[in-house]
Amino acid sequence: MTPSIRHIAKLAGTSVSSVSRVLNNSGYASPELRERVEAAIRTLNYTPSKGARMLRGAPSRMIGLMLPSIDVPFFGILAHAIEQELFGRGYQTLICSTAENMDHEARYISMLLSQRVDGVIVASAFGNTAHFEALRETHIPIVAIDRELAGIANDAIMADHQGGGRLMARHLIGLGHRVIGIVGAPAHSQPVQLRLQGIAMEMAESGLAPAVVSMAEEHSFAATYPLARELVASRPEVTAIIGTTDISAIAAIHAVQDRGFSVPRDYSVVGFDDLPEAAYVFPRLTTVAQPIRDVGAQAVRRLEALIEGQRTGRESGKDIVVKVPVTLIERDSTGPVRT
């Protein structure tokens, strides 16, 4: 079992908060207490390089960035934006791609602790946050990005996903579409669920029946293409398809065309993200643009403020959730309902 701050406290015969004060060199700790804690750290082999440097109070100038998957275009762009912003501020970035695997998340957290990162920016794929407690125990500032991390993160910076869902539905309803299908992934994603909520709210307020929803677990073209193809084959009353991401929407365009139909003459298609690919696909994709780089920059600025506040003892103690506005980019993949 990997030793934790609780094990140190038990062995040293003191409290977790007292161990934390010693590890972070914050607040008063008597020489006798400090000696006991340092002895426990050595006995348990608790990330010794981390402990030694933290006892000296020297910052590492390293930031952990945990993302579900950097081979998904959105997260690749986000990782690049955050790394560049951190580099410009004198930080190095440890990028952790967790493959949406809870065990991977836990192992990366242990690695980040051993590297004594100054802070962590994280987009967790799971609602279970128990394995993040180790970061909280050592008072490492955390900023959640793209989704909230309830009970763990100091702050969250994210696009207005629910508002974006409303924009997608409102655009199609304004074009006369009354039966709308949705294809997307991953089903467990908090941002995707918020987009679905926004779509449902907009359709209900317009007096329309709920959308026909088909969701995959894996976020990829290969996983969502067959869903869109089946939707076109089995639900001829559908006149518009919402992709919960641009990748899903692009898969829908291919599926519609492969079935012998036309976009937007027979089916309108709208996506979410405004990835570069949205402007390259034919027809060019109408999509809700979330400011990926701005979200990343805001997360970095907030994390740096938390780090500085902790260093100077001027922490505000107030958590902040920022929902960055999104906009609809109308291109060629949507048009009036077919008659």
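Let's start with Asp118, which counts as buried at 11% relative accessibility (buried means under 20% relative accessible area, exposed over 50%, and partly exposed in between, with a 1.4 Å probe and protein chains only). Its partner is Arg116: the two side chains meet in a salt bridge, 3.9 Å from N to O. A salt bridge here is a side-chain nitrogen of Lys or Arg within 4 Å of a carboxyl oxygen of Asp or Glu. Arg116 is buried too, with a relative accessible area of 4%.

Before going on, a word about where this comes from: the model is predicted, so local features need pLDDT of at least 70 and side-chain atom pairs count only at pLDDT 80 or more, while totals for chains, interfaces and linings use all residues. Residues are numbered from 1 along each chain as its sequence is written, and side-chain values use heavy atoms, with hydrogens and water left out.

Side chains of opposite charge can pair when their charged atoms come close. How many salt bridges does the rule give? The count comes to 16. One of them links Glu304 to Arg89, with the closest N and O atoms 2.6 Å apart. Glu304 sits in helix H12 (residues 292-312) and Arg89 in the loop between helix H5 (73-88) and strand S2 (92-97), so this pair ties together parts that are 215 residues apart in sequence. Helices (H or I, at least four residues) and strands (E, at least two) are DSSP runs, numbered from the N terminus. Both ends are partly exposed: Glu304 has 23% relative accessibility, and Arg89 has 29%.

Arg136 and Glu133 form another salt bridge, with their closest N and O atoms 3.7 Å apart. Both belong to helix H7 (residues 133-137), where they are three residues apart, about one turn of the helix. Arg136 is partly exposed at 39%, and Glu133 is partly exposed at 33%.

## Helix H6, end to end

Helix H6 covers residues 102-114. Its 13 residues should span 18 Å at 1.5 Å a residue, and the end C-alpha atoms are 19 Å apart, which agrees. (The expected span is 1.5 Å times one less than the number of residues.)

Which residues of H6 are buried? They are Glu105, Ile109, Leu112 and Leu113. Looking down the axis of H6, you find these buried residues within an arc of 100°, so they line one face of the helix; the arc is that of the directions from the helix axis to the C-beta atoms.

The N-terminal end of H6 has a cap: a side-chain oxygen of Asn101 lies 2.9 Å from the backbone nitrogen of Asp103. Just after H6 comes Arg116 again, this time with a positive phi of about 55°.

## Helix H8

Helix H8 takes in residues 161-174. Its 14 residues should span 20 Å at 1.5 Å a residue, and its end C-alpha atoms are 20 Å apart, which agrees. Its buried residues include His161, Arg166, Met168 and Leu172. Just after H8, Gly176 takes a positive phi of about 100°.

## Two open sheets

Strands of a sheet pair through backbone hydrogen bonds, either parallel or antiparallel. Here, two strands pair if DSSP finds at least two bridges between them. Gly64 has Leu94 as its bridge partner in S2.

Another open sheet of six strands runs S7-S6-S8-S9-S10-S12, and its pairing is mixed. At the edges are S7 (212-215) and S12 (327-329), each pairing on one side only. Strands S9 (residues 268-273) and S10 (residues 286-289) pair in the parallel sense over four bridges. Val270 has Thr286 as its bridge partner in S10.

## A loop residue

Where is Thr245? Thr245 lies in the loop between strand S8 (240-243) and helix H11 (246-258). At 5% relative accessibility, Thr245 counts as buried.

Definitions and conventions
Polar contact = N/O pair within 3.5 Å; in protein donor to acceptor, adjacent residues only side chain to side chain.
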